[in-house]
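Please find below a colleague's note on the structure under review.

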Amino acid sequence: MEQSRQGNAVISGSGQLAGGLYDNITISGSSNINGDINALDVKISGSAHFYGHVSSESVTVNGSAKFDGDINTNRYVSSGSSIIKGHVHGRIITSNGSMSCKKDIRAEEIKNNGSMHVNGDIEAESFNTSGGFHVKGLLNASEVKVNMSGRCFAHEIGGDEIIVKYSRLNIVSNLFRSLFDKFGYGDMWRLQSAQIEATDVSLEWSKVGIVRGSRVEIGSGCIIGLIEYTETVDIHPNAIVDQVKRIV
């Protein structure tokens, strides 16, 4: 027999919420949610700690939230601070604040305008960031677009098209990056990865061990160990590349 939903749950002060099926959950105070949650919509503008898994059409965090379990949602938006100990599965994931995931993220579309830290892998159709990110595993997306204005790291990056550009809007770092580079601190302004592989690769201010692609463009400020390409390669005069190989 299908369990019926319990209606809306609203917590504006300090309170507890049991697990179960709900219509909409709105938290503007401080709350602990004990058990698995299935809801149409979850909104957090206060502080919340979810001790179970969360399944919802949409999850919006404008305050502070901790999730001990997995999140399954159509749309996840974090404009505050969120820590997820489980996996995140969603269609559209947007981070405008601080988002930390201890396991993997799977989504169709990921937008990061803040800070994103992932201990596992990221798998998506598109990954678009103008903030900072740290991915300990593999960042894999058909389209990866990085407009750097924060520290960016992924152990490996793979996809069909990978474009890394240095944000022209980051005035402070534009003024000081050459000075920092001169004194050995330039890597804090570079995207760093052990390996990047895609059909089309275009990089600026990146430090990468191995770059593999059909068409490879290496721009200003790059430090590359090895480039392996099959069709074309273009290297900026200011870039440092140790070795270039054409794969037939």
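1. Overall composition. The structure is a predicted model. Its chain contains 19 strands and one helix. Of the 248 residues in the chain, 46% are buried. Contacts between residues at least 6 apart in sequence were also examined, and 10% of these join residues at least 24 apart. The accessible surface of the chain is about 11,700 Å², and carbon and sulfur atoms account for 48% of that surface.

2. Seven salt bridges are found in the whole structure. One of them joins arginine 215 to aspartate 200, with the closest N and O atoms 2.6 Å apart. Because arginine 215 lies in strand E17 and aspartate 200 in strand E16, the pair ties together parts that are 15 residues apart in sequence. Arginine 215 is partly exposed, at 31% relative accessibility, and aspartate 200 is likewise partly exposed, with a relative accessible area of 27%. Asp200 and Arg215 also belong to a network of salt bridges that includes Glu231.

3. Lysine 85 and aspartate 68 form a salt bridge through their side chains (3.9 Å, N to O). Lysine 85 is in the loop between strand E8 (81-84) and strand E9 (88-95), whereas aspartate 68 is in the loop between strand E6 (64-67) and strand E7 (71-78); the two are 17 residues apart. Lysine 85 is partly exposed at 46% relative accessibility, and aspartate 68 is partly exposed at 28%.

4. The side chains of aspartate 104 and arginine 106 form a salt bridge at 3.7 Å, N to O. Aspartate 104 has a relative accessibility of 18% and therefore counts as buried, while arginine 106 is partly exposed at 30%.

5. Negative surface patch. Which residues form the negative surface patch? They are Glu108, Glu123, Glu125, Asp160 and Glu161. Strand E13 (122-129) and strand E15 (152-166) each contribute at least two residues to the patch. Glutamate 125 is located in strand E13 and is partly exposed, with 49% relative accessibility.

6. Backbone at tryptophan 205. Most residues other than glycine have a negative phi. Tryptophan 205, which is not a glycine, has a positive phi of about 40°. Tryptophan 205 is situated in the loop between strand E16 (191-203) and strand E17 (206-218). Its relative accessible area is 7%, so tryptophan 205 is classed as buried.

How values were computed
Residues numbered from 1 in each chain as written. Predicted model: local features only at pLDDT ≥ 70, side-chain atom pairs only at ≥ 80, totals over all residues. Heavy atoms only, no water. Helix = DSSP H or I, 4+ residues; strand = E, 2+ residues; numbered from the N terminus. Buried < 20%, exposed > 50% of the residue type's maximum accessible area, 1.4 Å probe, protein only. Contact = heavy atoms within 4.5 Å. Areas by Shrake-Rupley, 256 points an atom, 1.4 Å probe, with all protein chains shown as cover. Patch = residues over 30% accessible without salt bridge, like charges linked within 9 Å, V, L, I, M, F, W, Y side chains within 5 Å. Salt bridge = Lys/Arg side-chain N within 4 Å of Asp/Glu carboxyl O. Lys, Arg positive; Asp, Glu negative; His and termini not counted. Charge placed at Lys NZ, Arg CZ, Asp CG, Glu CD.
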